[in-house]
Amino acid sequence: QVQLVESGGGLVQPGGSLRLSCAASGVTLNYYAIHWFRQAPGKEREGVSCISNDDGKTYYADSVKGRFTISTDIAKNTVYLQMNSLKPEDTAVYYCATDPYTYCGSTYSPDSWGQGTQVTVSS
């Protein structure tokens, strides 16, 4: 059973930075694609970023491109989302997700999700 635990969220001022962590257990991430999603109150879930750990390719939503960076520490079995130049519109609950068959760009929801971590960007 895959278990994902997000951490690193919090309250930050506009222009600030946070680094989110997604720690995985029950799976080795080497050949998995890992997604970051976010959902703000009253809004649809949005795909933020994805990393294909078999080839290292990354994906970013246009809204975060140039500000966010996704990476994987294989030794720690952890995926990170470094978020810089944060804006109030980045406020949301952030989730990481994966399964053995998902890939970056998939239209199907991954099976395994973390509990989410709240990011609030406000003056």
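How many bridges pair strand β3 with strand β8, and in which sense? Select residues 18-25 for β3 and residues 78-83 for β8: the two strands pair in the antiparallel sense over six bridges. Strands here are DSSP runs (E, at least two residues), numbered from the N terminus. Two strands pair if DSSP finds at least two bridges between them.

Before moving on, note what is on screen. This is a predicted model, where local features need pLDDT of at least 70 and side-chain atom pairs count only at pLDDT 80 or more, while totals for chains, interfaces and linings use all residues. Residues are numbered from 1 along each chain as its sequence is written, and side-chain values use heavy atoms, with hydrogens and water left out.

**Stop 1**

Pick Ala 23 and look across: Thr 78 in β8 stands opposite. Now widen the selection to the open sheet of four strands, in the order β1-β3-β8-β7, with antiparallel pairing. β1 (3-7) and β7 (68-73) stand at the edges; each has a single partner strand, so one side of each is left without a neighbour in the sheet. Neighbouring strands are turned by 15° against each other on average, direction ignored. For that angle, axes are lines fitted to C-alpha atoms, and angles run from 0 to 180 degrees between N-to-C directions. Strands of a sheet pair through backbone hydrogen bonds, so show those while you are here.

**Stop 1: the β7-β8 hairpin**

Move to β7 and β8. They run antiparallel and are joined by six bridges. Ser 71 stands opposite Tyr 80 in β8. The hairpin has four residues between the strands. Select Asn 77 in that loop between β7 and β8. Its phi is near 55°, a positive value in a residue other than glycine. Asn 77 has 13% relative accessibility, so it counts as buried. The classes are buried under 20% relative accessible area, exposed over 50%, and partly exposed in between (1.4 Å probe, protein chains only).

Next, select Ser 85, in the loop between β8 and β9. Here too phi is positive, near 50°. Ser 85 is partly exposed, with a relative accessible area of 41%.

**Stop 2: the aromatic cluster**

Show the rings of Phe 37, Tyr 95 and Trp 113, which ring pairs link into a cluster. The structure holds two aromatic pairs. Zoom in on Tyr 95 and Trp 113: the ring centres are 6.1 Å apart and the planes at 75°, so the pair is edge-to-face. Rings of Phe, Tyr and Trp (its six-membered ring) pair if their centres lie within 6.5 Å; planes under 30 degrees apart count as stacked, over 60 as edge-to-face and the rest as tilted. Tyr 95 is in strand β9 (residues 92-98) and Trp 113 in strand β10 (residues 112-113), 18 residues apart. Tyr 95 is partly exposed at 21% relative accessibility. Trp 113 is partly exposed at 26%.

**Stop 3: the largest pocket**

Colour β4 (33-39) and β5 (46-52), the elements that give two or more residues to the lining. β5 gives the largest share, four residues.
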